[in-house]
Each structure stands twice: as structure tokens, then as C-alpha cells.
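Please keep the sequence and the model in view while reading.

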Amino acid sequence: MKLNLKTALFAAATLVTPTLAHSADFLSIGSCPVTCTAYTWSAGIADVINKNVEGVQATAEETKGYVANIALMQAGEMEASMATSLSAYEAYTATGNYEGSEPGKIMAWMSIAPVAMHIIALEGGSVNSVADLKGKRVGMGQPGGVSMLDANVLMAKVAGEDFEPFRVRLGDMVDMLSDGNIDAALWNGSFPLAPVIKLNAQRDLKLIPVEDDFFESLRADYPPYFRLSIPGGTYEDVTDDTPTFGLANGLVISADVPEERVYQMTKAVFENLENLAGVHPAFGKMSADTILNGFGSPLHPGALRYYREINVPGIEEFVARTGG
């Protein structure tokens, strides 16, 4: 099932109604349910902004997740949100899952942490390469989840419609893989994945590498994907690095938020990464070298101004590539 903009707007509206979203002094940051990591990130960032940027009251908003966040922003109900860099790109260009919406409303802000595509199979099974996924039974992730959207992209390129999809959550997928009910499972997430660790304790697993030619073809169609590897030893049975691709978990922001405000908020977050690392370790890995990872849409002018000021590596190449 493809979650389109109208469906996401309705679903999101049943869960969250951000307060005073249109006030010049308020900044609503969409996240996910309160138990998930993105809510922790949003709350930490909101706290830093409130303590360091005069005249702004930021609030972390509980939502149904990233797809709903983009829909709420498109409707003008929130000023900022957590999103994957693919969702950010599609929202800015009004393509893919956001086709038919108004382009240019949502801009890149900052990358927080990478997510990596895991192509998970069992030793001795029939899947040994990306091409082997064609014609197979493949776990794809649950409907409405961003990981399923990435699985859709991968399988469309590999197999068209020549495969049998199982659209369930990761915990169910690894159980199905262990029981022989599917041939492979796809999940785009931060590593290590706890359900995969559990599977590895029960069965001999393997991660399928993504070859360079396939990745270049994929990125030509979807610029936000970037190259990364899952380090050897992340999962006990996988001793070598596994080349794959990923996206960024990050923040996007409305083009309507004033440049000076975004500049001051960006500066506040970046200058308080050490404090934020006490909220979540992902902030401890953020730096000028990672802040643009995965984004294929233009930066908000306020963020761009600050990144130029601190000489973020590759900033001018990024601007030229994204048209920002």
C-alpha cells in the first residue's frame, strides 16, 4: 500500500494538533511516538533552542512518524520535523510519495544520523546477491513506514513486480526468515538492529552487499541515497564490512521560517552538540563533516549561511548539486 499525501494528512491529524503552529514565536518539531529515538532527538533540540535563541519557543511534537511529519508540514501545521533525506527530497520536489503537493515548501536543515539498508538472508539460502532477490519472497517492512518505501525503491529496480512482498514489521520479518517463510528481509535502519542480533543468536545469517554499479544506478534516480558500509562485527556472523547504501535521519524546516531565526537555531544546536550527546549518543557523532549527509534538496538559507560561516566541507559543491 502506498501512503499518499492525503492519506498521511488524515492519519497525522488524528494524532497531533501542534499548538500555535503559525505563530512567529513558536516552532513545532514533528518527531514520532514518544518512545522512539526521533522524539528524544526533537526534545533535546527544542530544549537547546529554548535556552539559546531569544524569542523562540520550540516544542517536540508527538506524531505518527516521518511520513505523517512531512504531510503535516506540507499542510502548514508544523514548522520543522524529523524526516529521512529521501522524504525531504521528494517533498521539496513534489515527487514520489508527495507527487501533486506544492514543491519548494520544505528545505533541508541538518543530518543527525545515518540509516543503512540491510539485505538480510540466511547462510545456505538462495539469496547471495541483490540480483537474487528477483522472484523471491521478500520482507519489506510495514505499510506507512519509511523503511518500506526504501524497500519498494530497491525491489522495483531489481525485480519490477517479479517477487512476493511481505509487508510486516522487522521483528516479524526476522521470525519469518528464521522459519523459512521468506527468503530475505529488507530494512533501512540504524545499526545494529536488535531483532537482527536476536536472529544471529539463533541462525547463521549473512548481509548481502550492494555492488558499485547497482548503487550508481540507484543514486542516479534517487540522489539522497549515499554510500556507506555496515562495519564487520556489527553482527557476529558478518566479519567483513558490507557495502550498502543509506539515507540520513535528519531535520527539515519550512521555507517560511525567517532566515535569521534558522541561522540562530542552527548555530545554537551546532554549538551545543556536546551537551546534546548527553541526551542521545547520535549527537556526539555529528560534525561539520556529517551535517549534509544524504540530503539531496536545498538547504534553508539560514542553515546555509551558518554552514558557510563554519566552512562545512563540500558546502559549495552541495549548493551547486542541489540548486540551493
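Strand β7, which spans residues 184-189, is mostly covered, with six of its six residues buried. Here buried means under 20% relative accessible area, exposed means over 50%, and partly exposed lies in between (1.4 Å probe, protein chains only). Helices (H or I, at least four residues) and strands (E, at least two) are DSSP runs numbered from the N terminus. The model is a predicted one, in which local features need pLDDT of at least 70 and side-chain atom pairs count only at pLDDT 80 or more, while totals for chains, interfaces and linings use all residues. Residues are numbered from 1 along each chain as its sequence is written, and side-chain values use heavy atoms, with hydrogens and water left out.

In a regular strand the side chains alternate between the two faces of the sheet. In β7, A184, L186 and N188 point one way, A185, W187 and G189 point the other way, and all are buried.

Which strands pair with β7? Pairing requires that DSSP find at least two bridges between two strands. Strand β4 (residues 106-122) pairs with β7 in the antiparallel sense over five bridges, and I119 stands opposite L186 of β7. Strand β5 (residues 137-139) runs parallel to β7 and is joined to it by two bridges; G139 has A185 of β7 as its bridge partner.

Strand β4 also holds P114. This proline counts as partly exposed because its relative accessible area is 36%. Leaving aside residues up to four places away in sequence, P114 touches S190, F226, L228, L247 and A248, where contact means heavy atoms within 4.5 Å. The C-alpha atoms of P114 and G144 are separated by 20 Å, and the two residues are 30 apart along the chain.

Attention now turns to the nonpolar interior. In soluble globular proteins, nonpolar side chains tend to be buried together. A nonpolar core is a set of buried Ala, Val, Leu, Ile, Met, Phe, Trp, Tyr and Cys residues joined through side-chain atoms within 4.5 Å. The largest such core has 58 residues, and those with the most contacts inside it are I49, W109, I112, M265 and Y307. Not counting residues up to four places away in sequence, I49 touches L27, V56, A58, W109, M265 and V269. Apart from this core lies another, of 28 residues, including V127, V130, A151 and V158.

A disulfide (a pair of cysteine sulfur atoms within 2.5 Å) joins C32 to C36, with an S to S distance of 1.4 Å. C32 counts as buried because its relative accessibility is 5%, whereas C36, at 24%, counts as partly exposed.

On a 1 Å grid over the protein atoms alone, a cavity is a set of points where a 1.4 Å probe fits but cannot get out, and a pocket is an open set with protein on both sides within 12 Å along at least five of seven lines; lining residues have an atom within 4 Å of a point. Grid points are joined across faces, edges and corners, and a volume is the space filled by probe spheres set on the points.

The largest pocket has a volume of about 1,300 Å³. Its lining comprises 46 residues, of which Y66, V115, G189, S190 and N249 lie nearest its centre. The elements giving two or more residues to that lining are α1 (5-13), α2 (37-52), α3 (66-74), β4, α5 and β7. Strand β4 supplies the largest share, five residues.

A search of the whole structure finds one cavity of 30 Å³ or more, and the largest cavity holds about 50 Å³ of space. Among the residues lining the largest cavity are T84, E90, Y98, D150 and L247.
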